[in-house]
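Student: I would like to go through this model and ask what lies behind each label.
Tutor: Then let us take the labels one by one.

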Amino acid sequence: MTAPVITLAAIALIPVVAILILRINAALVFLSLCLGAVLVQFVANDANVFLAQHSIKVPQLADSGGNNFVKIVLLLLPVLLTAIFMIRTVNGKGKMALNLLPAAGVGLLGALLVVPLLPAGLSHNIIDSTLWHQARSAQDLIVAASAIVCLLVLWLQRPKTGGSKHNKH
């Protein structure tokens with residue numbers, strides 16, 4: 001295995017392992033990742049202008065076009081906050097097994113979104129790998145399947161109704 005393949009695998013697998021170990025609801029993390037992607041698309045440029053106008057220095061990622069640091073923060077902040085607030089919300093072996101598919105979606109989609117924002121040298125090495133080309137060619141399937149699985153998991157988690165109201169008195 002080459003270094004870019006190992007790096008890409010780590011980028012995709014670390015969130016999956018963290019979600020499973022910390023018993024975090026992966027469907028909500030996936031939706032937070034989607035929210036982060038929307039923030040990057042619609043807010044990042046204005047955030048960079050705002051920071052520049054107020055002379056706020058943000059770390060520059062070496063050799064990156066534009067300020068990808070702000071984009072990475074906007075992408076990952078909703079994910080990190082959701083993960084923190086959702087620790088230990090998945091209980092039981094059945095729910096843990098069901099959580100594996102959305103967790104895989106988080107890892108795969110996260111890698112697809114983060115790698116282009118990494119510093120140019122690292123990003124370029126990963127993007128040139130065969131594994132990256134395979135992931136990019138499957139990105140429509142990754143996004144669609146992950147979204148469907150996450151919605152199904154969320155729908156399955158809805159609270160069960162506990163009989164009629166008359167029996168509760």
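Tutor: Start with accessibility: buried means under 20% relative accessible area, exposed means over 50%, and partly exposed is in between, with a 1.4 Å probe and protein chains only. The model is predicted, so local features need pLDDT of at least 70 and side-chain atom pairs count only at pLDDT 80 or more, while totals for chains, interfaces and linings use all residues. Residues are numbered from 1 along each chain as its sequence is written, and side-chain values use heavy atoms, with hydrogens and water left out.

Student: Why is Phe 69 called partly exposed?
Tutor: Phe 69 has 28% relative accessibility. Phe 69 sits in helix H3, and its C-alpha atom is 7.9 Å from that of Leu 117, 48 residues apart along the chain.

Student: What makes Leu 33 count as buried?
Tutor: The relative accessibility of Leu 33 is 2%. Buried requires a value under 20%, so Leu 33 counts as buried. Leu 33 belongs to helix H2; Leu 33 and Leu 75 are 42 residues apart in sequence, yet 6.6 Å apart in space, C-alpha to C-alpha. Across the 169 residues of the protein chain, 33% count as buried.

Student: What makes a stretch a helix here?
Tutor: Helices are DSSP runs of H or I with at least four residues, strands are runs of E with at least two, and both are numbered from the N terminus. On that basis the protein chain has seven helices and zero strands, in the pattern α-α-α-α-α-α-α along the sequence. The C-alpha atoms fill a box of roughly 65 × 45 × 25 Å along the principal axes.

Student: Why is Ser 55 called exposed?
Tutor: Its relative accessible area is 63%. Exposed means over 50%, so Ser 55 is exposed. Ser 55 is in the loop between H2 and H3, and has a positive phi of about 50 degrees although it is not a glycine. Most residues other than glycine have a negative phi.

Student: Which value makes Arg 88 exposed?
Tutor: Arg 88 has a relative accessible area of 58%, and so is exposed. Arg 88 lies in the loop between H3 and H4 and has a positive phi of about 60 degrees, although it is not a glycine.

Student: Why does Pro 59 count as partly exposed?
Tutor: Pro 59 has 46% relative accessibility and therefore counts as partly exposed. Pro 59 is in the loop between H2 and H3. Its C-alpha atom is separated by 26 Å from that of Ala 18, 41 residues apart along the chain.

Student: What makes a pocket a pocket?
Tutor: On a 1 Å grid over the protein atoms alone, a pocket is an open set of points with protein on both sides within 12 Å along at least five of seven lines; lining residues have an atom within 4 Å of a point. The largest pocket holds about 410 Å³ of space. Of its 21 lining residues, the closest to its centre are Ile 14, Pro 15, Leu 76, Val 79 and Leu 80.

Student: Which helices supply at least two residues of that lining?
Tutor: H1 (3–22), H2 (26–53), H3 (68–85) and H4 (93–114) each do. H1 gives the largest share, seven residues.

Student: How many residues of the lining of the largest pocket are nonpolar, polar or charged?
Tutor: Ala, Val, Leu, Ile, Met, Phe, Trp, Tyr, Cys and Pro count as nonpolar, Asp, Glu, Lys and Arg as charged, and the others, Gly among them, as polar. The lining has 20 nonpolar, one polar and no charged residues.

Note on methods
1 Å grid on protein atoms, 1.4 Å probe; cavity = no way out; pocket = protein on both sides within 12 Å on 5 of 7 lines; lining within 4 Å. Points joined across faces, edges and corners; volume = space filled by probe spheres on them.
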